Amino acid sequence: MCPDIRRTRGKAKRGLETEPHAIRFVNTVAWRLRASPEERLSSPEALLEWLGTNGIGYKTALEELSEAWRSRPAEGAVFYEMAIRFREAIYDILIAKMRGNEPLQPTLGLFNELLTSPRPGLRLEWDRNALVWSMRHGRASPLDLLGPIAFSASELMTGSKAGKVRQCEDDRGCGWLFVDESRSQRRRWCSMGDCGNRAKARRHYQRVRSPFL
Ligand SMILES: [Zn+2]
């Protein structure tokens with residue numbers, strides 16, 4: 001867990017939209033490996049907005065929740081805290097697995113609790129030539145919203161991509177996760193257009209300054 005996460009609004013880096021839901025969710029914390037990481041989901045409202053942008057939950061269902069939370073903010077706050085704890089559990093488990101360590105039991109317990117929660121409103125629907133996640137009108141519960149993320153995370157922990165989850169090696173402390181789909185399996189940065197480019201430019205600068213490096 002990262003109790004010192006600073007809350008900011010920042011732009012997503014390019015390329016992230018192709019990552020699985022769980023990775024995109026975990027990467028709503030930027031600069032994870034710094035002393036003060038940045039929280040990009042600064043409120044229950046920002047969380048709903050992120051879910052909508054990432055294809056989880058129908059717009060109308062999200063609007064209904066948003067309206068309900070305006071009159072009952074405590075409900076929004078409870079869900080928000082739970083979603084953030086869930087996100088940090090996913091991060092901790094993926095990192096433990098990446099390092100070959102057993103995840104902590106309370107962390108795995110929290111993850112399992114949300115993985116197996118009943119989701120009466122969640123379903124798949126055919127929409128414009130694609131299967132999409134949706135929530136049954138009037139029966140949606142906030143827990144439904146975490147379903148697609150939970151399924152995505154469990155697939156990353158156990159499925160064919162389980163050995164391909166990596167953490168960005170950027171030395172400024174980016175710390176974002178990504179799935180290395182490269183043939184060589186030696187990808188080191190979350191995005192070549194950002195952290196990768198910077199590392200390349202830095203190496204070039206060092207070579208120019210020290211030709212014997
Ligand atoms: Zn990075």
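Modeller: Two residues are in contact if their C-beta atoms, placed from the backbone, lie within 7 Å. The model is a predicted one.

Colleague: Which residues of H6 are met by residues in H4?

Modeller: The residues on the H4 side are Phe79, Ala83, Phe86, Ile90, Ile93, Leu94 and Lys97. By class, this contact has 11 nonpolar, no polar and 1 charged residues. The partners in H6 are Pro142, Leu146, Ala153, Leu156 and Met157.

Colleague: Are H4 and H6 roughly parallel or roughly antiparallel to each other?

Modeller: Two packed helices are described by the angle between their axes and the distance between the axes. For H4 and H6, the axes come within 11 Å and cross at roughly 0°. Angles under 35 degrees count as roughly parallel. H4 and H6 are therefore roughly parallel.

Colleague: And H2 and H3, roughly parallel or roughly antiparallel?

Modeller: The axes of H2 and H3 come within 10 Å and cross at roughly 175°. Angles over 145 degrees count as roughly antiparallel. H2 and H3 are therefore roughly antiparallel.

Colleague: Which residues of H3 make the contact with H2?

Modeller: By class, the contact of H2 with H3 has 6 nonpolar, 2 polar and 2 charged residues. H2 brings Pro44, Glu45, Leu48, Leu51 and Gly52. From H3 come Lys59, Leu62, Leu65, Ser66 and Trp69.

Colleague: How many helices and strands does the protein have?

Modeller: From the N terminus on, the elements run β-α-β-β-α-α-α-α-β-β-α-β-β-α. The secondary structure comes to 7 helices and 7 strands.

Colleague: Which residue stands opposite glutamate 125 in S5?

Modeller: Strand S4 (residues 122–127) and S5 run antiparallel and are joined by 6 bridges. Opposite glutamate 125 stands valine 132.

Colleague: Is arginine 128 buried or exposed?

Modeller: Arginine 128 lies in the loop between S4 and S5, a hairpin with 2 residues between the strands. Most residues other than glycine have a negative phi. Arginine 128 has a positive phi of about 50° although it is not a glycine. With 5 C-beta neighbours inside 10 Å, where 12 or fewer is the limit, arginine 128 counts as exposed.

Colleague: What is the phi of glutamine 185?

Modeller: Glutamine 185 is found in the loop between S7 and helix H7 (192–209). Glutamine 185 is exposed, with 10 other C-beta atoms within 10 Å. Although glutamine 185 is not a glycine, its phi is positive, about 60°.

Colleague: How many Å apart in space are glycine 121 and methionine 135, C-alpha to C-alpha?

Modeller: Glycine 121 is found in the loop between helix H5 (105–115) and S4. With 21 C-beta neighbours inside 10 Å, glycine 121 counts as buried. Glycine 121 and methionine 135 are 14 residues apart in sequence, and their C-alpha to C-alpha distance is 5.0 Å.

Colleague: How far apart in space are arginine 172 and tryptophan 31, C-alpha to C-alpha?

Modeller: Arginine 172 lies in the loop between strand S6 (165–167) and S7. With 12 C-beta neighbours inside 10 Å, arginine 172 counts as exposed. Arginine 172 and tryptophan 31 are 141 residues apart in sequence, and the distance from C-alpha to C-alpha is 7.7 Å.

Terms used:
Residues numbered from 1 in each chain as written. Predicted model: local features only at pLDDT ≥ 70, side-chain atom pairs only at ≥ 80, totals over all residues. Helix = DSSP H or I, 4+ residues; strand = E, 2+ residues; numbered from the N terminus. Axes fitted to C-alpha atoms, helices over the stretch in contact; angles between N-to-C directions. Parallel < 35°, antiparallel > 145°, perpendicular 65-115°, else oblique. Nonpolar A, V, L, I, M, F, W, Y, C, P; charged D, E, K, R; others polar. Pairing = 2+ DSSP bridges. Buried ≥ 20, exposed ≤ 12 C-beta atoms within 10 Å, placed from the backbone.
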